[in-house]
Amino acid sequence: MASGGIARGRLAEERKSWRKNHPHGFVAKPETLPDGTVNLMVWQCVIPGKKGTDWEGGYFPLTLQFDDNYPTTSPSCKFPVGFFHVNVYDSGVVCLSILGDGWKPSITVKQVLVGIQELLDDPNPNSAAQHRCYELYKKNMPEYKKRVREQARLYPSRV
């Protein structure tokens, strides 16, 4: 196949599968270009905060960027710059095992998004990407939880 053909084919299948069945509250759709064409290599997503957690009520925007080697390589997953989370760099890039050494070509977009939702309320302090956030998480949990709830209010549902 031409450069990126395998990636685009897989992403077209994932899009079709997502449209038929996806977790409630999640959004994942390829970017629409100004000329109306769809760019399967960039997806605009929304991850809802889980009920019963400090993230509840937030609908967090995330961009998935795929390269021509997908699914051999994982997508880049990025929240807005400055997103407050132990495992999200200041740039917004998500640090999650399944996006790094734990990546397998069988992992789907749905699994990536659900994994990131799980990470929101269950961060991995052993792989901290944000020092100030990590310090609050380890030393001042009430303040950490307050910051999480404030962030959830910054990203209300758009519906």
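Modeller: For what follows, contact means heavy atoms within 4.5 Å. This is a predicted model, in which local features need pLDDT of at least 70 and side-chain atom pairs count only at pLDDT 80 or more, while totals for chains, interfaces and linings use all residues. Residues are numbered from 1 along each chain as its sequence is written, and side-chain values use heavy atoms, with hydrogens and water left out.

Colleague: Which residues in helix 3 meet helix 4?

Modeller: Arg132, Cys133, Leu136, Tyr137 and Lys139 in helix 3 meet Met141, Glu143, Tyr144 and Arg147 in helix 4. Helices here are DSSP runs (H or I, at least four residues) and strands likewise (E, at least two), numbered from the N terminus.

Colleague: And how do those contact residues divide?

Modeller: Five are nonpolar, none polar and four charged. Ala, Val, Leu, Ile, Met, Phe, Trp, Tyr, Cys and Pro count as nonpolar, Asp, Glu, Lys and Arg as charged, and the others, Gly among them, as polar.

Colleague: Changing topic, where is Arg10?

Modeller: Arg10 is in helix 1 (residues 5-20). Not counting residues up to four places away in sequence, Arg10 touches Tyr70, Pro71, Pro105, Ser106, Ile107 and Thr108.

Colleague: Which backbone oxygen does the Arg10 side chain reach?

Modeller: That of Ile107, at 2.8 Å. A polar contact is a pair of N or O atoms within 3.5 Å; within protein, one must be able to donate a hydrogen and the other to accept it, and residues adjacent in sequence count only if both atoms are side-chain atoms.

Colleague: What joins Tyr70 and Pro71?

Modeller: A cis peptide bond, with omega about 10°. Most peptide bonds are trans. Pro71 lies in the loop between strand 3 (59-65) and strand 4 (76-78).
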